[in-house]
Amino acid sequence: MTDRFTRWRDMACQAHVPTMVRSEHERDFRATLRVLQLGAIQISSLTHPSLRVERTRKGIRQSDPGTYCLALPLRGTVRFAQSGREAECGPQDLMFYETSRPFHGWIAPHDDGDVSHMVIQIPRDALPQSSAELGRLTAVRLPAREGIGALLSNHLRETARQAGTLTPADTARLSSVTLDLLGALCAHHLHAEPGAGVEPETRRQVLRAQIHDFIQRRLGDSSLTADVIASAHHISTRYLYTLFDDQDLGVAGWVRRQRLERCRRDLGDPHLRSRPIHSIAARWGFPDRAHFSRTFRAAYGKSPRDYRNSVQYDDGCA
């Protein structure tokens, strides 16, 4: 029914920016839209049949939040034309476009199925690069098969997948990590030579984003220390400490908090109720039961067992 298409189109325009949207499937339109607010960043996950979108100068005059958007295809193809350029990207790619300039977009499946993609909206002043620099990246295919593109792509996919488990404190921290990765991606593609023309703070953001990802992938390793992290990134341990100066916790504290958050998440997961607490703790880098219990209580005000029971009670499963 065309009413279903109209309602979804209006919802999508309200979540993003007003655009002209058309589809060959308007009479039998089936689609989804999920939105996650990550601080100043908005992450939308969409599935739908093929679409054509257009943002006109008139639409820009009527409403313009002044944001950059990052397209991340999951299934199908996204093609955009803006600022005299046109690019097409698939599931191994990323692509920027901006709301303050007209654009045309074509979003289509590879076969008869639906398209699945993500749209990440970033305020113009949230990235360290200038508008002129970012303008060079719009409607340009940015590979995401490896390197910083893969780090960002995987981070965004996993963040969207875990949206239902995130607390307000989680989203605030993830917002910072996401902006670091976005800034790193832009810096990588704007400067062909590593470090050439890159501001010191941008280089710090790139390195910090890489270190965050390194830590996240090794949280279960109880031998993960500042010396190990620094050595893996070819920097001194002292410099590693300076990279974490503005995060209040320091390196060890940041690692500990990430481990505790994973434990807290698993203890609250109804699918893991039969898994012993010490097994969950060991999985996330706490091999000593007593130490884990003390650390968890200090962080959350309850023992791991009491926390698990309270979550189950709240869910009506006590």
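The model is predicted, so local features need pLDDT of at least 70 and side-chain atom pairs count only at pLDDT 80 or more, while totals for chains, interfaces and linings use all residues. Residues are numbered from 1 along each chain as its sequence is written, and side-chain values use heavy atoms, with hydrogens and water left out. The largest pocket holds about 770 Å³ of space, the largest cavity about 280 Å³, and there are eleven aromatic pairs to look at.

**Terms for the spaces**

- Both kinds of space are found on a 1 Å grid over the protein atoms alone: a cavity is a set of points where a 1.4 Å probe fits but cannot get out, and a pocket is an open set with protein on both sides within 12 Å along at least five of seven lines.
- A lining residue has an atom within 4 Å of a point.
- Grid points are joined across faces, edges and corners, and a volume is the space filled by probe spheres set on the points.
- Helices (H or I, at least four residues) and strands (E, at least two) are DSSP runs, numbered from the N terminus.
- For residue types, Ala, Val, Leu, Ile, Met, Phe, Trp, Tyr, Cys and Pro count as nonpolar, Asp, Glu, Lys and Arg as charged, and the others, Gly among them, as polar.

**The largest pocket**

- This pocket has a volume of about 770 Å³.
- It is lined by 26 residues, and His155, Glu158, Leu174, Gln216 and Arg262 are the closest to its centre.
- Helices H4 (147–161), H5 (168–190), H6 (200–216) and H9 (250–267) are the elements that each give two or more residues to the pocket lining.
- By type, the pocket lining splits into eight nonpolar, eight polar and ten charged residues.

**The largest cavity**

- The count comes to one cavity of 30 Å³ or more.
- About 280 Å³ of space lies in the largest cavity.
- Its lining has 21 residues, with His16, Thr19, Val53, Tyr97 and Ile107 nearest the centre.
- Two or more lining residues come from each of helix H1 (2–15) and strands E3 (41–48), E4 (51–55), E5 (67–75), E6 (77–82), E9 (103–108) and E10 (115–123).
- H1 gives the largest share of the cavity lining, four residues.
- The cavity lining is made up of 16 nonpolar, four polar and one charged residue.

**Aromatic rings**

- Rings of Phe, Tyr and Trp (its six-membered ring) pair if their centres lie within 6.5 Å; planes under 30 degrees apart count as stacked, over 60 as edge-to-face and the rest as tilted.
- The structure has eleven such pairs, and one of them, Tyr97 with Phe103, is edge-to-face at 5.1 Å centre to centre with 70° between the planes.
- Tyr97 and Phe103 are both buried (buried means under 20% relative accessible area, exposed over 50%, partly exposed in between, with a 1.4 Å probe and protein chains only).
- Phe296 and Tyr307 also make an edge-to-face pair, because their ring centres are 5.6 Å apart and their planes are at 65°.
- That pair joins distant parts of the chain, eleven residues apart: Phe296 is in helix H11 (residues 289–300) and Tyr307 is in helix H12 (residues 304–314).
- Phe296 has a relative accessible area of 0%, so it is buried; Tyr307, at 15%, is buried too.
- Phe286, Phe292, Phe296, Tyr300 and Tyr307 make up one aromatic cluster.

**A charge over a ring**

- A charge sits over a ring if NZ of Lys or CZ of Arg is within 6 Å of the ring centre and within 35 degrees of the ring normal.
- Arg79 has its charged end over the ring of Trp106, 4.3 Å from the ring centre.

**Single residues worth a look**

- Ser83 isn't a glycine, yet it has a positive phi of about 55°; it sits in the loop between E6 and strand E7 (85–89) and is partly exposed at 35% relative accessibility.
- Ala139 isn't a glycine either, and has a positive phi of about 55°; its loop lies between helix H3 (131–135) and strand E11 (142–143), and Ala139 is buried with a relative accessible area of 3%.
- Met118 is in strand E10 and is buried at 1% relative accessibility.
- Met118 and Ala71 are 47 residues apart in sequence but 6.0 Å apart in space, C-alpha to C-alpha.
- Leaving aside neighbours within four places in sequence, Met118 is in contact (heavy atoms within 4.5 Å) with residues including Ile43, Leu70, Ala71, Leu156 and Ala160.
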